Structures are given as C-alpha cells and as structure tokens.
Amino acid sequence: MEVVSGRTKPKVKDYMTRDVATVSPDETVGEVATRIAESEEHSGFPVTDRRRVEGFISARDLLLAEDDDPIFKVMATDLLVAHPDMKVNDAARVILRSGIQKLPVVDDAGNLVGIISNADVIRSQIERATPEKVGKLMRTLEQIHEIDLTEERRTVPLSELTPTQGRVYADELEGRRYELERGLAEPLVVIDNGGTLLLADGHHRVLAADQLSIDEMDAYVIVIDHEIELGMARTAEKENLERIDDIEVVDYARHPLVQTTKRLQSDGGDDGEGDE
C-alpha cells in the first residue's frame, strides 16, 4: 500500500467524498456482485475490516470467482491510496497515470476516511481556474472604466443571456456536452450590466446545455450597478447577437487553428512550389 503525501493546498480532504460505501472481507462474491449490479454509481468497493482498508474489489475481480468465495480471496491488496493532506494535483497524477477511477483516502493509522475520484479531481481544477478568469476580467473592467465592481455566484436562466461570441466549434461543443452529462462543467462567467446579462465566458457550455434542455446554469456574475458602454456589448450588437439561438455552430475543419496548421504544412512541404 503506497501513500503519497502533500502539504500545500488544495488538498484531497477538501474534495474527497467522506461517506464511502464499503464491503467486508467476509462477504461473498455473490453478495458483492449483486450490490454492484443494483448500483448505478459503483463498479467496485473498498474492502474494510472495521475502518481499516484491507483491499479493493472491482467487478473485474469477480468475473472468474465462485459466488460462495469470500471477498478476501479475490480482492486486490496491492493498492494505491491517498492521504487527506495530499495535494489534489498529486492525486490527479496518480489517477491519470494508473488509469484507476478512484483512490481510497486513508489517515495515518490506515483507516478509511474518504474516497477521491477522477471527477473530484476535475472539479477541483474547474473551481480553481474559473475564479482566476473572473478576477482578471474584473480588474480589467475596473481599470478601463474606473469603477468598483462586485462578484457573486448565481444560477442564471439561459434565456436571459446575451452572447458575445458569434460562433462555436462542433468538436468543442461535443466535449462540453460530455462534461455536462457527467456534472463536470465549470460555471459560466457573466457580466450583469445594469440588468443585462452578458455572457463573457462559456458559449460552448451554454449551447451544449441548451441542446440538453437545461434551462439554467451556475455562473460567476460580475455586477455593474448601472449600465455602462462595454466593448463586448457593442460586439454583440454589431453581430446581431441577442440570444443563444443566434450562435452559429461551425465544423472543426473551419477552426482557425486547423487552417493555420494546414497552411504551415503546405508551406513546409512543397519546396517552394505552389500547388494552387
């Protein structure tokens, strides 16, 4: 059993699930197989004797076992575990490199205190990244317009959002749908400009949510008490963007990065002779 520890924030204990479903080493393969089959979220369980972690049992471990076999005979005992004070980034490395979905979290005595999953790791990154975006945008607006702004967390109706970006790309849209379906999408960044809600960041997420019939989303909202003239509002007006239905979905082949890459490949591979 390998324990990796860390001392800086954010830590595993801030994101782990504390209420962990476990099985006993004396339960049978048949009993645990039934629990997995009846569960929508568990494909395996930590095996604990009282609170001490003895192993981990997954559906794969059960395949060739007899129903009457005790779990301690077939469980995995060579485990990777996390410590509650381990850095989340370190837990992310372990999860990604090992290919496992979840790490049991144990204290110094080897007792189970939680479990951290790849979804928890993603959530930790999302919650760290978005406030940085909001802070940078707030400081920029304050400097340009010489005003003081406030920020709050809100649930915003998608129907009330004014987009500030005229197009999104199909492949990124598919990725945002995947995240939304698994509850992993980061909050939007919205500017409340005297009552007008301008979508500053999250156009792919909003369009994906609309496709999934989601009516409202979590957002960081920068609040401007009285309406002022903003560049992104002028952009929205110029491109006739009034609602999210006005956003165009374009194929990935038209993405500027792809076009640039193709141009570079062409320039580098024709020995100076054009093939137009």
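Just past the end of helix 7, Ser213 takes a positive phi of about 60°.

Before going on, keep in mind that this is a predicted model, where local features need pLDDT of at least 70, side-chain atom pairs count only at pLDDT 80 or more, and totals for chains, interfaces and linings use all residues. Residues are numbered from 1 along each chain as its sequence is written, and side-chain values use heavy atoms, with hydrogens and water left out. Helices (H or I, at least four residues) and strands (E, at least two) are DSSP runs, numbered from the N terminus.

Now look at what helix 7 (residues 203-211) packs against: its axis and that of helix 6 (residues 170-181) come within 8 Å and cross at roughly 65°. Axes here are lines fitted to C-alpha atoms over the stretch in contact, with angles running from 0 to 180 degrees between N-to-C directions. On the helix 6 side, Glu172, Leu173, Arg176, Arg177 and Leu180 meet His204, Arg205, Leu207, Ala208, Ala209 and Gln211 of helix 7, contact meaning heavy atoms within 4.5 Å.

Over to the strands. Strand 2 (residues 44-49) has five of its six residues buried, so it too is largely enclosed by the rest of the structure. Strand 2 pairs with strand 3 (residues 52-58) in the antiparallel sense over six bridges; pairing takes at least two DSSP bridges. Phe45 stands opposite Ile57 in strand 3. The two strands form a hairpin with two residues between them, and Arg50 in that turn has a positive phi of about 60°.

Note on methods. Buried means under 20% relative accessible area, exposed over 50%, partly exposed in between (1.4 Å probe, protein chains only).
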